[in-house]
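Visitor: I'd like to go through this one feature by feature. Could you give me the general idea each time, and then the case at hand?

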Amino acid sequence: MRRFALAVLIALSSPLLMAGGAPPPPRRLEFNDADAKALDAISAYLNSITTLKGGFVQVEPNGGADEGTFYISKPGKMRFEYNPPSPVLLVSDGHTVAVANRRLNTVDRYPLVDTPLGLILNNTLDLRHNPQLLSVTHQEGSIILGLRTSNNRSKANLALVFSEPDYELRQWSVIDAQGLTTTVALRALVSGTPLLPTLFVLPEKNAFANRREN
């Protein structure tokens with residue numbers, strides 16, 4: 001279960017995917033006109049999202065799979081929860097990110113400023129000029145972006161998959177320090193729908209929040 005939380009946080013929270021932070025190394029990746037246009041379209045799509053909800057399927061390195069529901073409200077708010085019997089809930093209220101585990105009766109919290117949810121939860125993404133983007137590939141109606149989550153990496157450890165040509169976010173895959181890959185696939189996406197503020201209330205220890213949208 002902790003792997004899921006890390007997969008979500010790495011994909012959505014890497015400070016190095018933001019414009020700020022330490023100066024990146026010199027950029028080497030160049031794009032053809034078609035890829036540059038696609039990257040601008042994907043950036044515009046992500047920046048235009050105000051709310052987004054849908055289902056997700058997480059596939060572990062051992063082939064095991066779990067399902068759940070996610071909610072995003074920009075800027076800064078999100079909720080990822082597993083279907084029972086999983087105990088995991090991940091919530092950002094725009095200030096703090098909390099990872100709760102009902103089974104273990106734990107709630108781990110991280111300041112949002114330390115883990116900025118930049119890739120999806122901000123409104124100023126510019127993939128074409130992002131030095132963490134290392135590759136753009138096309139495969140069977142999809143465009144796959146390979147990114148690194150650290151300047152110390154020479155290879156991508158995060159893959160974002162968008163449909164093509166409509167550029168809807170479909171899934172991401174994270175490679176951890178052991179070389180194992182966790183994939184989170186999204187489905188039944190609905191954007192622009194008002195979401196209840198209670199979805200983004202941080203869970204407390206001994207009171208695991210399992211609220212869903214009415």
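Guide: Let's begin with secondary structure: helices (H or I, at least four residues) and strands (E, at least two) are DSSP runs, numbered from the N terminus. Take K77 as an example: its place is in strand β3, residues 77–82. Two notes before we go on. This is a predicted model, so local features need pLDDT of at least 70 and side-chain atom pairs count only at pLDDT 80 or more, while totals for chains, interfaces and linings use all residues. Residues are numbered from 1 along each chain as its sequence is written, and side-chain values use heavy atoms, with hydrogens and water left out.

Visitor: Which residues is K77 in contact with, leaving aside its neighbours within four places in sequence?

Guide: Contact means heavy atoms within 4.5 Å. On that basis K77 touches Y71, I72, S92, D93, G94, L121 and F200. As for T51, 26 residues away along the chain, its C-alpha atom is separated from that of K77 by 9.3 Å.

Visitor: Does K77 count as buried, exposed or partly exposed?

Guide: Buried means under 20% relative accessible area, exposed over 50%, and partly exposed in between (1.4 Å probe, protein chains only). K77 counts as partly exposed because its relative accessibility is 33%. Across the 214 residues of the chain, 48% count as buried.

Visitor: What pattern does the chain follow along the sequence?

Guide: There are three helices and eleven strands, and they run α-α-β-β-β-β-β-β-α-β-β-β-β-β. Among contacts between residues at least 6 apart in sequence, 54% join residues at least 24 apart.

Visitor: How should I read the cores?

Guide: In soluble globular proteins, nonpolar side chains tend to be buried together. A nonpolar core here is a set of buried Ala, Val, Leu, Ile, Met, Phe, Trp, Tyr and Cys residues joined through side-chain atoms within 4.5 Å. The largest one has 36 residues, and I42, F70, I143, L145, F162, W172 and L186 touch the most other members. Helix α2 (residues 33–48) gives the most to this core, with five residues. There's also a second, separate core of five residues, including L89, V91, A100 and L202.

Visitor: How many salt bridges does the structure hold?

Guide: A salt bridge is a side-chain nitrogen of Lys or Arg within 4 Å of a carboxyl oxygen of Asp or Glu. The structure holds five. One of them pairs D40 with R128 at 2.9 Å, N to O. D40 sits in helix α2 and R128 in the loop between α3 (118–121) and β7 (133–139), so this pair, 88 residues apart, links distant parts of the chain. D40 is partly exposed at 33%, and R128 is too, at 27%.

Visitor: Where do R187 and E67 lie?

Guide: Their side chains meet in a salt bridge at 2.6 Å, N to O. R187 lies in strand β11 (residues 181–191) and E67 in strand β2 (residues 65–73), so the pair ties together parts 120 residues apart in sequence.

Visitor: Are E81 and R79 buried or exposed?

Guide: E81 counts as buried at 1% relative accessibility, and R79 is buried at 0%. Their closest N and O atoms are 2.5 Å apart, in a salt bridge.

Visitor: Where is confidence lowest, and where is it highest?

Guide: pLDDT is the predictor's confidence in each residue, from 0 to 100. The lowest is in helix α1 (residues 2–13), at a mean of 53, and the highest is in α2, at 94. The chain's mean is 81, with 78% of residues reaching 70 or more. Over residues 13–24 pLDDT stays under 50, as it does over residues 208–214.
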